[in-house]
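Morning, everyone. Please look at the screen while I talk. I'll take questions at the end.

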Amino acid sequence: MHPSFQVFGLSIHFYSIFFLLGLVAGCLVFVYSNPNLKKYREKLLDCYLYILVGILVGSKLLYILLNVHTYVDDISKMWTDFRRGFAFYGGFIGAILAALLFFRKKNLPFWTFVDSAAPAIPLGHAIGRIGCLFAGCCYGTPTDLPWGIVYPSSCPIAPAGISLHPYPIYELLLNLVLFGTLMLLRSKVKVGGRLMSMYLIGYSLIRFGLDYVRGDFKQYYWGLSSSQWISIAMFVIGMAAFFLLKLKKEQAIE
């Protein structure tokens, strides 16, 4: 894998390219894929600017918190490493908080609009994982399976010369399955917020299971990685929201 290429002497990183493509794809789904929200597209575009800030700030903050030991001796690394080192869960939390702030500010029903983001997240995430594959980050554990991948010595992150689980490809494929599932279910979901709760449930299960074959640095607490503990929290929140939002809808009808 080659993490970057040169254009007129400028180093272009594949991670950055696919990160941006994922953001663009997510924006298109969030803003344009739901015909029922056609008249709100301008507001959704404005909201996405808030979401972008939330993604960047949240993903970087969580990455720093999870890897604080690497910045203790040299805090300047926070700025020199800004082009790399982002934690998905941090970006997700930041995006949700930013969207909540926007919809509260505009006095718009949060649960009605947040479902438009549900299928956008796994699509953008899947595209972003292609960048991880090129960069060599988020690599898998060693494997003897025939589809293992071997990174070259030129890769600055993943261990070279060892057959590893293609973790980014696993997550790419499962996120695409989740995206397709949410798109198919969207017209059938009549309670605002339940599609997002389905995303929380689906992705938390994906991430919890896949973390067992993720080989890059992880912090463990009581036998589980930090991402697995966050996945458990997301699963509980998703399940609670799925049923509580339904009860709220039923009570409103009565």
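How far is the sulfur of Cys 47 from the closest cysteine sulfur? The distance is 10.0 Å, and the partner sits in Cys 27. That is too far for a bond, because a disulfide needs the two sulfur atoms within 2.5 Å. Keep in mind that this is a predicted model.

Now take Cys 155. Its sulfur has its closest cysteine sulfur in Cys 137, at 8.6 Å. Again, that is too far for a bond. Search the whole structure and you find zero disulfides.

Let's step back to the overall picture. The protein chain has nine helices and six strands. It has 254 residues, and buried residues make up 48% of them. Next, the contacts in the chain with a separation of 6 or more. Of these, 66% are between residues 24 or more positions apart.

Now the helix pairs. Start with α2, residues 41-66, and α4, residues 88-105. Their axes come within 6 Å and cross at roughly 145°. The crossing is right-handed. Which residues make the contact? From α2, they include Cys 47, Tyr 50, Ile 51, Gly 54 and Gly 58. By class, the contact of α2 with α4 divides into 13 nonpolar, six polar and three charged residues.

Helix α4 has another partner here, α8, residues 194-210. These axes come within 13 Å and cross at roughly 170°. That makes α4 roughly antiparallel to α8, because angles over 145 degrees count that way. On the α4 side, the residues are Phe 88, Tyr 89, Phe 92 and Ile 96. On the α8 side, they are Met 196, Tyr 199, Leu 200, Tyr 203, Ser 204 and Arg 207. The classes are eight nonpolar, one polar and one charged.

Ser 231 counts as buried, at 1% relative accessibility.

Now the loops. One runs between α6, residues 120-135, and β3, residues 149-150. Pro 146 is in that loop. It is exposed, with a relative accessible area of 74%. Pro 146 and His 165 are 19 residues apart along the chain. Their C-alpha atoms are separated by 9.7 Å.

Cys 138 is in the loop between α6 and β3 as well. Cys 138 is buried, at 9%. Its phi is near 55°, a positive value in a residue other than glycine.

Trp 222 has a phi near 55° too. Its loop lies between β5, residues 220-221, and β6, residues 224-225. Is Trp 222 buried or exposed? It is exposed, with a relative accessible area of 79%.

That's my tour. Over to you.

Key:
Residues numbered from 1 in each chain as written. Predicted model: local features only at pLDDT ≥ 70, side-chain atom pairs only at ≥ 80, totals over all residues. Heavy atoms only, no water. Axes fitted to C-alpha atoms, helices over the stretch in contact; angles between N-to-C directions. Helix = DSSP H or I, 4+ residues; strand = E, 2+ residues; numbered from the N terminus. Left-handed = near helix turned anticlockwise from the far one by under 90°. Contact = heavy atoms within 4.5 Å. Nonpolar A, V, L, I, M, F, W, Y, C, P; charged D, E, K, R; others polar. Buried < 20%, exposed > 50% of the residue type's maximum accessible area, 1.4 Å probe, protein only. Parallel < 35°, antiparallel > 145°, perpendicular 65-115°, else oblique.
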